[in-house]
Each structure stands twice: as C-alpha cells, then as structure tokens.
Amino acid sequence: MVKFLKVGRVAIITRGRYAGKKVVIIQPQDNGSKAHPFPHALVAGIERYPSQVTRRMSKARAAKRSKVKPFIKVVNYNHIMPTRYTLELEGLKGVVTNETFGEVSQREEAKKTVKKALEERYQSGKNRWFFTALRF
C-alpha cells in the first residue's frame, strides 16, 4: 500500500467536533501506539478561519480579522480525508509531540506556537486555499 499520509499533507477531518476543518499532518503513526492502538496522525488545524479583509478597513480591524484559532489533535486515519495539497510548516514537528497532550500547559504552549506559524503563513499570502473555510 502506498503511504500518502505524510508529514505536511493537508487533510480534512470528517468526523466529530472539528468535522469539515482543514488540518496539516505533523506526525503520522501507521502502526499505532500503546495509548492509541490504531493508525492515527498528530494534526494541527484551524478551528476558526480568518475573516475577509478589504482595502477600506483600518489596520487594526484588518489585524483582528486576520487572526486564526488553531487546534491540535490525535486523529484516527479513518476520520481524515487527505487532499492533494501540502503545507510546509517548519518547526512544528518538534513542538507538537505525543508528550504535548499529557499536560494542559504544554498543550496551550504548543497551540500558541501553531497559531503563530499559521498566522505568519496567512500574512505571507501563501497557501490561500488552506485558510478558507470549506463551503458545504
């Protein structure tokens, strides 16, 4: 079988609280682990997408509307649908690990780092599709 759920692949969550949200795979686990005995992936995604910004808006309003609310999660392979897109987020692999989910403070720190990386990518104008909500 071809391994297509690689690091950096953009996928869509199909089940649960974050259904329809776009995520980027940070760490795939094809064989599972002791804590999660099924094939799963560590993902970072966007819970709240940035709003539309027009030229007439003030800088403050544009900055507020450009905010991203991220989430990090361990997701079963059955519940994610990979897309043809990839997103290279340097440095997230070291920040979000299985140990991150052990403590709330570590999880919050990881989310802040992910938020910073995603907002930086959004401001640069790259990967426009990733930052738009799915219309369904």
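K69 counts as partly exposed, at 33% relative accessibility. By that term I mean between 20% and 50% relative accessible area, with under 20% called buried and over 50% exposed, using a 1.4 Å probe and protein chains only. Before I go on, the model is a predicted one, so to speak of local features we need pLDDT of at least 70, side-chain atom pairs count only at pLDDT 80 or more, and totals for chains, interfaces and linings use all residues. Residues are numbered from 1 along each chain as its sequence is written, and side-chain values use heavy atoms, with hydrogens and water left out.

Back to K69. Its side chain meets that of E47 in a salt bridge, at 3.6 Å from N to O. K69 lies in strand β4, residues 69-76, and E47 in strand β3, residues 40-48, so the pair ties together parts that are 22 residues apart in sequence. E47 is also partly exposed, at 22% relative accessibility. For the terms: a salt bridge is a side-chain nitrogen of Lys or Arg within 4 Å of a carboxyl oxygen of Asp or Glu. Helices (H or I, at least four residues) and strands (E, at least two) are DSSP runs, numbered from the N terminus.

How many salt bridges does a search of the whole structure find? The search gives 3. In one of them, K111 pairs with E108, and the closest N and O atoms are 3.9 Å apart. K111 and E108 sit 3 residues apart in helix α3, residues 104-124, with about one helical turn between them. Both ends are partly exposed: K111 has a relative accessible area of 26%, and E108 has 37%. K115 forms a salt bridge with E119, where the closest N and O atoms are 3.6 Å apart. K115 and E119 both lie in helix α3 as well, 4 residues apart, about one turn of the helix. K115 is partly exposed, with a relative accessible area of 29%.

Next, the sheet. Five strands form an open sheet in the order β4-β3-β2-β1-β5, with antiparallel pairing. Strands β4 and β5, the latter at 80-86, are the edge strands, each pairing on one side only. Neighbouring strands are turned by 35° against each other on average, direction ignored. Here axes are lines fitted to C-alpha atoms, for helices over the stretch in contact, and angles run from 0 to 180 degrees between N-to-C directions. Two strands pair if DSSP finds at least two bridges between them. Strand β1, residues 9-13, and strand β2, residues 22-29, pair in the antiparallel sense over 3 bridges. Within that pairing, V10 has V24 in β2 as its bridge partner.

What lines the largest pocket? The lining is Y49, P50, S51, Q52, V53, S66, Y122, G125, R128, F131, T132 and A133. A pocket, on a 1 Å grid over the protein atoms alone, is an open set of points where a 1.4 Å probe fits, with protein on both sides within 12 Å along at least five of seven lines; lining residues have an atom within 4 Å of a point. The space in this pocket is about 250 Å³. Its lining divides into 6 nonpolar, 5 polar and 1 charged residues. In that count Ala, Val, Leu, Ile, Met, Phe, Trp, Tyr, Cys and Pro are nonpolar, Asp, Glu, Lys and Arg charged, and the others, Gly among them, polar.

One backbone detail to finish. N127, in the segment after α3, has a phi near 55°, a positive value in a residue other than glycine. N127 is partly exposed, with a relative accessible area of 29%.

Conventions:
Grid points are joined across faces, edges and corners, and a volume is the space filled by probe spheres set on the points.
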